[in-house]
Amino acid sequence: MKIPFVDLSRQLKDIFPEIEEKWHEIVHNSRFVGSKYVKEFEDKFANYLDVKHCIAVNSGTSALYLSLMALGVGRGDEVILPVNTFIATAEAVSLLGAKPVFVDIDKKTYNIDVKKIEKAITDKTKVIIPVHLYGQCSNMDEILEIAEKYNLYIVEDACQAHGAEYKGKKAGSLGDLAAFSFYPGKNLGAFGEGGAVVTNCDELAEKIRMLRNHGSKVKYYHEMIGGNFRMDEIQGAVLSTKLKFLDTWNNMRRKAAKIYNELLEDVVITPYEVPYNKHVYHLYVIRVDNRDKIKEYLQKHGIETGIHYPIPLHLQSAYKFLNIPKGSFPVAEKVADEILSLPMFPYIIEEEILYVAERLKEGVKNG
Ligand SMILES: Cc1ncc(COP(=O)(O)O)c(C=O)c1O
């Protein structure tokens with residue numbers, strides 16, 4: 001049996017006829033940029049999240065970058081983020097000349113350890129970026145309290161958390177701003193690159209709309225220096241079509257996670273879902289001893305797996321210049337050696353999950 005890590009082709013039957021129709025229209029009207037489908041998607045996604053504004057952009061990295069830029073983050077500022085995340089979270093900070101300040105993660109959820117945030121705050125701190133990793137929200141009440149106490153902004157990195165909920169509220173509706181990625185394999189994915197910033201703040205929304213488009217509201221009149229961070233119409237059409245299926249697909253992921261949990265909870269450390277969260281399992285991440293050997297064993301039996309992420313950010317070559325020694329973030333460092341992401345996507349079938357679980361049990365038993 002061959003089990004892919006993600007198989008996007010299985011969702012085509014839900015969406016492709018509608019997308020083909022929209023594409024036909026876009027191509028024949030030659031309206032590739034800044035037309036109705038991007039706007040339609042922005043309205044629908046804002047409505048889905050229950051936020052006032054959605055500004056569609058060309059990647060999650062751009063969404064993070066523009067969010068921080070709109071808040072005026074720059075040289076001399078510090079931004080707090082978890083040390084276990086995709087590097088884009090930190091890159092957005094670095095590209096603006098500010099300093100990423102890493103915080104260790106919680107050993108159960110793998111999200112930022114809220115108990116360690118206050119120690120990382122200095123008089124240069126401007127923003128906290130909680131990353132809702134793997135599809136589960138960070139502990140937002142505590143983070144909001146800290147942000148209020150120290151007068152800091154919150155930019156949620158919701159790039160892995162489309163449709164996830166914290167105490168009944170959607171990821172992306174909890175901070176000052178939030179960034180989403182629509183990279184194809186995400187719970188809501190484009191047919192290429194895409195991203196969005198969402199916010200309830202009118203002023204920030206207006207600023208980001210301008211920054212996305214060379215700092216202009218009126219063509220060739222530039223009020224500030226921005227860039228080209230626009231989403232194209234084809235992706236707008238794909239995303240507004242796919243959005244209708246997001247809740248169904250997330251529930252399919254949750255069902256798959258439940259089956260994995262039942263089969264694996266006595267064998268490995270299965271994901272911990274905080275009772276008041278709705279985890280949307282962008283990734284299904286277990287922890288296991290001898291991870292590399294187990295990964296190899298699964299690969300030999302046709303099962304693709306991933307590691308998210310193998311090296312915590314402070315130990316990446318790109319961040320060597322910060323001189324943060326090994327041992328500084330013991331939880332993240334330990335977890336990085338043990339985590340393994342199993343195949344997870346909406347249309348994975350029970351038979352495939354059973355096969356993965358069986359091979360995993362064998363691998364663990366054989367050491
Ligand atoms: C947590 C996190 N932040 C940021 C990003 C960046 O998004 P993009 O790849 O769309 O630039 C990703 C995407 O992988 C991500 O998972």
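Predicted model: local features only at pLDDT ≥ 70, side-chain atom pairs only at ≥ 80, totals over all residues.
Residues are numbered from 1 along each chain as its sequence is written, and side-chain values use heavy atoms, with hydrogens and water left out.

**The two domains**

The domain bounds come from an automatic or database domain assignment. Contact means heavy atoms within 4.5 Å, and buried area is the accessible area (1.4 Å probe) that two parts lose on being put together, summed over both.

| Item | Domain 1 | Domain 2 |
|---|---|---|
| Residue range | 8-243 | 245-365 |
| Residues in contact with the other domain | 49 residues | 40 residues |

The C-alpha centres of the domains lie 24 Å apart. Together the domains bury about 3,900 Å², 59% of it on carbon and sulfur atoms. On the domain 1 side, Arg10, Tyr134 and Asn187 lose the most area to domain 2, together 19% of what that side buries.

Between the domains the count is one salt bridge, defined as a side-chain nitrogen of Lys or Arg within 4 Å of a carboxyl oxygen of Asp or Glu. Arg10 also forms a salt bridge with Glu352, with the closest N and O atoms 2.9 Å apart.

**Helix α4**

Helices (H or I, at least four residues) and strands (E, at least two) are DSSP runs, numbered from the N terminus. Helix α4 spans residues 88-95, and its buried residues are Ala88, Thr89, Ala90, Ala92 and Val93; buried means under 20% relative accessible area, exposed over 50%, and partly exposed in between (1.4 Å probe, protein chains only). These buried residues pack against α3 (60-70), β2 (78-82), β3 (99-103) and β5 (153-157). After α4 comes Gly97, which has a positive phi near 85 degrees.

**Gly163**

Gly163 lies in the loop between β5 and β6. Gly163 counts as buried because its relative accessibility is 0%. Beyond its neighbours within four places in sequence, Gly163 is in contact with Tyr48, Lys170, Leu246, Asn250, Lys278 and Val280.
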